[in-house]
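Hi,

Here is the structure I promised to send over. Have a look at it first, and then read on for what turned up when I went through it.

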Amino acid sequence: MRGAAGRAAVGGPAAVVGRLGVADPRQEGPVDLRLVPPALGAWAAAALALTAPPRLVVGAVVICVVVAGVLLVTWTAGRGGSGSGGGQGGTAPDGAARRRGGFAWGRVSVAAVLLCAAGSAASAGLHGADLRRGPVPALAQRYAEVTAEVEVTSDPRRTRPRVTGDRAAPPSIVLNGEVVRVVEADGTTSVTRAPVLVIVREEPKERGESGAARAFTPALASAPSPSPPPAPVPVPAPVPAPVPAPVLVPAPALAPAPVSAPALVPAPVPAPALAPAPGTASNPVLPPAPTTTPGPAPGPNWQRSAPSLPVGDAAVGQSVAPSDEEVTARSRTDGGAAKATHPRGSPWLDLLPSTRLRVRGSLAAPLTDGERIAAVLRVPEGQEPKVVGAPSGVQRSAGELRAGLREATDGLPDDARALLPGLVIGDTSRVPPDLDQAFRATDLTHLLAVSGANLTIVLALLIGPPGTAHRAERRGLAPRLGIPLRTTALLGGGLTLGFVVVCRPEPSVLRAAACGLIVLLAIGTGRRRSLLPALAAAVLLLVLYDPWLSRSYGFLLSVLATGALLTLAPRWSAALRRRGVPGRAAEALAAAAAAQAVCAPVVAVLAARVSLVAVPCNLLAEFAVAPATVLGFAALAVAPVGMPVAKVIAWCASWPVGWVAGIARAGAALPGNGIDWPGSWGGALLLAVVTVVVVLACRRLARHPWLSVGCVLLLLLVIVQPPPLTRVIVGWPPPDWRLVMCDVGQGDATVLAAGEGAGVVVDAGPDPVLVDRCLRSLGITRVPLVVLTHFHADHVAGLPGVLRGRSVGAIQTTGFQEPQGQAEFVRGQAAARGIPVTRAVAGERRRTGGLEWRVLWPQSAPAARPEGPNDASVTLLARIAGLTVLLLGDLEPPAQRALLRTPVAAALPRVDVLKVAHHGSAYQDPLLLRRAGPRLALISCGADNPYGHPSPRTVAALRAGGAQVERTDRSGAIAVTGGRPSPGYGRLPPSEGLGVVKWGGMINSG
């Protein structure tokens, strides 16, 4: 971009000739676009022909070939006639001759496009037919049980489960492969070659009695441990300095405590913990997580009474990997067979491409047409892969290099440990969900997809900058070792192929490798290098070789970004330099803006959002990417022969990598980092039009410096959204808010005001991003207490978002430890940050600032084991500024009736605000609703949720009792305002105002 291509595009051919001379082998000349139409034609034909009926594909190919033949014949005849006329002293004017020649070359160009489209369509038709050939598709339609011999074609990876309601998809391992032999249930054996997606359900680490049966007892804290307590988990990343949380003091006695436990006392000042001294009978400390491995918490296990499942680092949002690279790398001295120990926690994750294995499972058809698989092969949990063919020597070597880099990064801080393998070789298996979300919010995910930038760095180490390759003073390792130019080009080709093997043949890697090989061929033969034709040739060859790339979003984004860097970026850079921007800054800004402008419509289709911080975040990250990548490749190369040296190099690389991670997290934390956008091709077209308008407007604004500065400041205000300004403009948050029910989709997250910048958070919702966004909009920086009513995912999976960047005093939970996987997840999140975890029991009273509350449920010694996690929900009765608030968690009717039978609930006053149990489901106890008699009922639920929440019957019952019903699926976040200081827990008199502020207006109730 910054070499001859950029100069030619900006200054025209005359400028370049004047500097280099026409005979210079580096002479770029005018942009050559002759290969672009054939490449685009081949791309479109392949995308259409992959799933088209075979007869239609054959007909299209024949028509294209016939038409192209006719055009070429007429062009040849025209050339012959023109030549004979010239020999006879033809008198046609020069202009007519030029017109005839232009028309002739136009026919040739059209013929080339048709022939390339025909070849691409034929290749795509054959590839599409491969999916329908053999017995596998028919077996998949019958969901047949088979024993298959599969050749692995990709690296195994863990899925990222999504929370749906209170459950999540169980963690699985997926890999791509080709079935080469299949044995049906009746013994019929077939030899075939069908691409499949293998899905392996991971087996729980242990099986035994339910964790809840052991945990839900009063003696939880004092029970002797069968093994020594685990070592303290070190905090791998810097945690914000704890701000002294509001000091808790016992509230005045409001009613006799239902338990005979000693009175609770606050934690010593200045400790931020809200809990009394650990081990007290009324508030025991939860036992530590059963693992001593530092790192992220284990993932969820959604099977009741079953132990937790090992979930990998790639799990999204709710589950993160328990350091699946902790064990030493496998030994491959035995011809490729892995050792009995599994370095990544599962034998499936140790598999390398080209390995052959025999598995037993069931076949199923893909969910949608157009997939690059003939079937899905589901392998039941507990089955280990039976290897029948070792991986190739090349794949073993590549796997050893990748494992060496992972081992070299083991001792680094969490972000660097996760990101460095991703920046260097595209290995994102360690990237935690919150960091992955930050990269997506800032449009930095391209840094984790290996592409041309990585290959350019690798080749530059060998041959130096490509622009100096033909000079006597060329740089790089090759001239210093005395290697001739053509030999250097051959070595570069071998290095490029090795790069593809190590980094895996992802679409962006293939595109970069093809472009690199074409440029190396030009260097080795002394021909002119033209990067745009090289890109077009790479696209054409790759689509002919693998038509499925034509439907790959990764390939599309890679080509679009590269094309923008070769065409738009040089022009924009020159325009910026003409307006006084320094050269390097102009090039960096132009490159980031051009790539974002071209790729944003496609990203909007995938993510249904547009990032407003992508350009500045990419600019700030660019300075650290090159040193991080160079040092990462050095560690990769050195690790097999000198692991201590590789660790030192990786430690040096951790600094720029940490900078990149910090930029991503900071950009994602901004409240206005992006806007929602229609996630369709219509939305992409609309965004493309908007982008063109913005670019044209920027050209005009550039002539008015002060107006440009004003627009930039306005954009900064939209992105940063300072709370005082936001409150003035949109009225959110209201200045006197007492309670806010956050809009977190199908889940619960409520904030009780506890002073300036402080709030008690009750439940965390299913998504860390949504709850973090809500807390930031409220200006919450201190959380004296996080109350997790129970361990269902829609209440606890967003906990990392609550903890992110805030001082948290303590986490309080129910004693019913189910689902056990989510209970371990909570303990792991707390342990990683040094936050105490305590258990809530009925009778506990607390106060912080102007907020006080008591725990009504669960009882410390229940008469019977709860039927499930919902019935063990922590229930709170809170009072703030005279408002009385009852929060029921997800209590079901059996527990609601049991609550009414308790002494405290028997004297339960009528409340001002009720957080309706279980998202307003139909399962409510009418007597409890009448006893509470709320003026305002709040329901947290997701729009169009599959459970029908809230139930019309529940809403009608609340309204019949005189309550105003508000729900987050229609109103978004809901803030409750009003109230005045008054003694006791009784409801405010009707004359006192009770306000409800939704996003955009105020509704008075009462």
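How many helices and strands does the secondary structure of the protein chain come to? The count is 30 helices and 29 strands. Please keep in mind that this is a predicted model.

Some overall figures, to get you oriented. The protein chain has 1006 residues, and 52% of them are buried. Its exposed surface comes to about 43,400 Å², with carbon and sulfur atoms supplying 64% of that. As for contacts, if you take those between residues at least 6 apart in sequence, 72% join residues at least 24 apart.

On to the helix packing. Two packed helices are described by the angle between their axes and the distance between the axes. For helix H15 (residues 553-578) and helix H16 (residues 583-607), the angle is about 145° and the axes are 7 Å apart. The crossing of H15 past H16 is right-handed. Sorted by class, the residues in this contact are 25 nonpolar, 2 polar and 2 charged.

Most residues other than glycine have a negative phi, and most peptide bonds are trans. Here are the exceptions I noted:

- Arg504 is not a glycine, yet its phi is positive, about 75°. You'll find Arg504 in the loop between helix H12 (485-503) and helix H13 (507-525). Arg504 counts as buried because its relative accessibility is 7%, and the cut-off for buried is under 20%.
- Gln721 also has a positive phi, near 50°, and is a residue other than glycine. Gln721 sits in the loop between helix H20 (705-720) and helix H21 (723-730). With a relative accessible area of 32%, Gln721 is partly exposed.
- The peptide bond from Glu818 to Pro819 is cis, and its omega is near -5°. Pro819 belongs to the loop between strand E18 (811-813) and helix H25 (820-833).
- Trp857 and Pro858 are joined by a cis peptide bond as well, with omega about 5°. The loop holding Pro858 runs between strand E21 (851-857) and strand E22 (875-880).

Ala140 is in helix H5 (residues 136-141). Is Ala140 buried or exposed? Its relative accessibility is 1%, so Ala140 counts as buried. Ala140 and Leu363 are 223 residues apart along the chain, but their C-alpha atoms are separated by 4.6 Å. Setting aside neighbours within four places in sequence, the contacts of Ala140 are Leu363, Ala364, Ala365 and Ala375.

Beyond its neighbours within four places, Leu520 contacts Leu459, Ile463, Ala489, Gly492, Gly493 and Thr496.

Thr789 is in a loop, the one between strand E16 (786-788) and helix H23 (793-796). Why does Thr789 count as buried? Because its relative accessibility is 2%, against a cut-off of under 20%. Which side chain does the side chain of Thr789 make a polar contact with? That would be His790, at 3.0 Å. Not counting residues up to four places away in sequence, Thr789 touches Val762, Asp763, His795, Thr814, Ala872, Ser873, Val874 and Gly889.

If you have time to check a few spots yourself, I'd go for the two cis bonds, Glu818 to Pro819 and Trp857 to Pro858, and then the surroundings of Thr789.

Cheers

Terms used: Residues are numbered from 1 along each chain as its sequence is written. This is a predicted model: local features need pLDDT of at least 70, side-chain atom pairs count only at pLDDT 80 or more; totals for chains, interfaces and linings use all residues. Side-chain values use heavy atoms; hydrogens and water are left out. Axes are lines fitted to C-alpha atoms, for helices over the stretch in contact, and angles run from 0 to 180 degrees between N-to-C directions. Helices (H or I, at least four residues) and strands (E, at least two) are DSSP runs, numbered from the N terminus. A crossing is left-handed if the near helix is turned anticlockwise from the far one by less than a right angle, and right-handed if clockwise. Ala, Val, Leu, Ile, Met, Phe, Trp, Tyr, Cys and Pro count as nonpolar, Asp, Glu, Lys and Arg as charged, and the others, Gly among them, as polar. Buried means under 20% relative accessible area, exposed over 50%, partly exposed in between (1.4 Å probe, protein chains only). A polar contact is a pair of N or O atoms within 3.5 Å; within protein, one must be able to donate a hydrogen and the other to accept it, and residues adjacent in sequence count only if both atoms are side-chain atoms. Contact means heavy atoms within 4.5 Å. Accessible areas come from the Shrake-Rupley method with a 1.4 Å probe; for residues, only the protein chains shown count as cover.
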